[in-house]
Structure formats: C-alpha cells, structure tokens
Amino acid sequence: MTKARKFFGLPYYIWLLLFVIAPVLLIVYQSFFDMNGNFTLSNYATYFSSGTYLTMTLNSVFYAFLITVFTLLISYPTAYFLNKTRHKDLWLMLIILPTWVNLLLKAYAFIGIFSIHGSVNSFLSFLGIGPKQILFTDFSFLFVATYIEIPFMIMPIFNAISEINPSLISASRDLGANSLDTFRRVIFPLSLEGVKAGVQAVFIPSLSLFMLTRLIGGNRVITLGTAIEEHFLVTQNWGMGSTIGVVLIIAMLLVMFLTGEKKKKGGVK
C-alpha cells in the first residue's frame with residue numbers, strides 16, 4: 001500500500017519540482033546577476049538602500065492589508081449567514097462563479113462600469129450629481145481588488161463555520177448565553193482557522209498585484225508587482241526584478257508562518 005501511494009503521488013512531486021521549486025530557485029539564482037550577466041550583490045544593496053523600493057514595499061503591504069480587511073469584513077458575515085440559508089450550496093456556487101471568468105475580462109468590465117461614460121456615472125448623472133472621476137483612483141483599485149478576492153475569503157470561512165458541531169452552539173444556549181455571546185465565545189473562535197486560511201488566500205496574492213494597478217489604478221497605485229513587471233518587460237533588468245521577487249517570496253512565507261496553524265506543546269491541536 002505504501003509503495004502504491006508513493007507511485008500515485010509521483011506526478012504531484014514532479015509537478016511540484018518543475019513548477020514550484022525550480023522557478024523559485026531560478027528567481028533566487030537570477031537575483032545575484034546584473035544586466036551584463038556578472039555575479040553581484042548590488043541588486044540587494046540597491047533595493048534595501050533605495051527609498052523608492054522601500055516606499056513601494058510599504059505601499060504593497062498597505063494596499064494588501066486594506067484589501068484583506070475589506071474582504072474579511074464582507075466575507076465573514078456573508079459566510080455566516082450563508083450557512084443559515086436553506087440552499088447554501090447553491091448560493092455558494094453563485095459566489096464562486098465569478099472566479100471562472102478571466103481576471104483580464106473582469107478588469108475591462110469594470111473599466112466600462114467606472115469610466116466617465118460608464119453605467120455608474122450615467123446613474124449619477126440621472127440623480128443630478130454629475131459624472132465623477134472614479135476610474136484610476138485608489139477607490140476603484142481597492143473596490144475591484146476586493147470584489148475579485150471575496151470568493152477566496154468566503155470559501156474557507158464558510159467551510160470552517162459549517163464544520164462546527166451544532167451541539168456546541170446548543171450547549172452554549174443551554175448555559176444561558178445569548179446569540180452575541182455564543183458567536184463571540186463559540187462560533188468565532190472555532191472559525192478562526194478558516195479566517196487565517198482566507199487571509200493567506202487574499203493577502204498573499206494582493207502583495208503582487210500588477211494588472212489591476214495598471215488597468216484600474218492607472219499606475220497611480222505603485223506596488224512591487226508593478227516594479228517586477230517593469231524590470232522584466234521594459235528595462236530587461238531581470239536581476240533586479242528577481243531580487244524584488246525574492247523579497248515578495250520571503251514576505252509571503254512570513255505571512256504563511258504568522259497565519260499558519262500552531263501546534264500546542266505536548267500535544268496535537
């Protein structure tokens with residue numbers, strides 16, 4: 001049985017080696033070379049001594065944090081009440097459906113919605129408010145990014161809440177706890193693992209957004225993802241682009257460590 005499991009797991013290990021480990025090692029390797037192919041540590045020295053790169057790093061973390069917070073504030077109540085509905089699997093599928101649409105198509109759809117002659121400004125004009133500059137603003141970038149990331153936050157929280165034993169909630173009510181106390185002391189603590197998984201699924205991709213910063217933010221929102229795109233596709237400075245990529249990988253690993261499941265000493269959680 002053990003040999004059979006190893007055999008069937010072989011394609012997974014090959015895929016992991018070729019498409020996860022190998023690309024990461026290539027990025028780390030490339031980060032130690034300049035544009036002329038010479039080995040150097042100047043890429044890292046430039047990154048950590050440049051106010052521009054450090055500012056972009058803070059911007060990336062700040063915007064990723066805001067996107068994660070907004071997504072969590074919308075997703076947790078949605079997942080909570082979704083578990084109380086009669087056809088919760090159907091509603092969950094409807095929430096997941098937008099993830100089947102290509103990200104580029106969704107970005108262009110929002111360009112049409114938020115543009116000067118788009119549907120939002122047409123509605124504002126109908127109300128007598130007049131057209132406003134919505135596209136290419138921080139608001140439009142955060143709104144679209146939050147909309148795109150919502151399903152990835154809802155799913156783990158929904159699963160965590162649905163796995164809570166109903167007898168624990170009933171016991172809380174029997175002991176005199178009201179709905180708020182039951183949520184605060186029973187439901188929310190038991191669903192924290194789902195929240196952590198959702199934070200990972202949203203915060204980590206949000207660190208490296210570059211398509212939305214260009215199409216929706218109009219390059220007014222500058223992040224490390226934008227810098228990586230510029231170095232690889234415009235300046236052809238692959239070494240510097242790889243260096244920023246290494247920094248992002250380290251940041252993502254740090255987020256995974258901080259939000260990962262912790263095991264208690266002397267036992268298994």
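**Ground rules.** I number residues from 1 along each chain as its sequence is written. In this predicted model, local features need pLDDT of at least 70 and side-chain atom pairs count only at pLDDT 80 or more, while totals for chains, interfaces and linings use all residues; side-chain values use heavy atoms, with hydrogens and water left out.

**Helix 3.** I looked up helix 3, residues 42-49. Helices here are DSSP runs (H or I, at least four residues), numbered from the N terminus. N43, Y44 and Y47 are buried in helix 3. Buried means under 20% relative accessible area (1.4 Å probe, protein chains only). Down the helix axis, the buried residues fall within an arc of 95°, so they line one face of helix 3. I take that arc from the directions between the helix axis and the C-beta atoms. The buried residues of helix 3 pack against helix 4 (51-82), helix 13 (224-233) and helix 14 (238-259). Contact means heavy atoms within 4.5 Å.

**M56.** I moved on to M56, in helix 4. M56 counts as buried because its relative accessibility is 9%. Not counting residues up to four places away in sequence, M56 touches I222, T223, L224 and A227. I also checked M56 against D138: they are 82 residues apart along the chain, and their C-alpha atoms are separated by 15 Å.

**T213.** T213 sits in helix 12, residues 211-215. Its relative accessibility is 0%, so T213 counts as buried. Leaving out residues up to four places away in sequence, T213 touches F141, G218, N219, V221, T223 and T226. The side chains of T213 and T226 are joined by a polar contact of 3.1 Å. A polar contact is a pair of N or O atoms within 3.5 Å; within protein, one must be able to donate a hydrogen and the other to accept it, and residues adjacent in sequence count only if both atoms are side-chain atoms.

How values were computed:
Buried means under 20% relative accessible area, exposed over 50%, partly exposed in between (1.4 Å probe, protein chains only). Helices (H or I, at least four residues) and strands (E, at least two) are DSSP runs, numbered from the N terminus.
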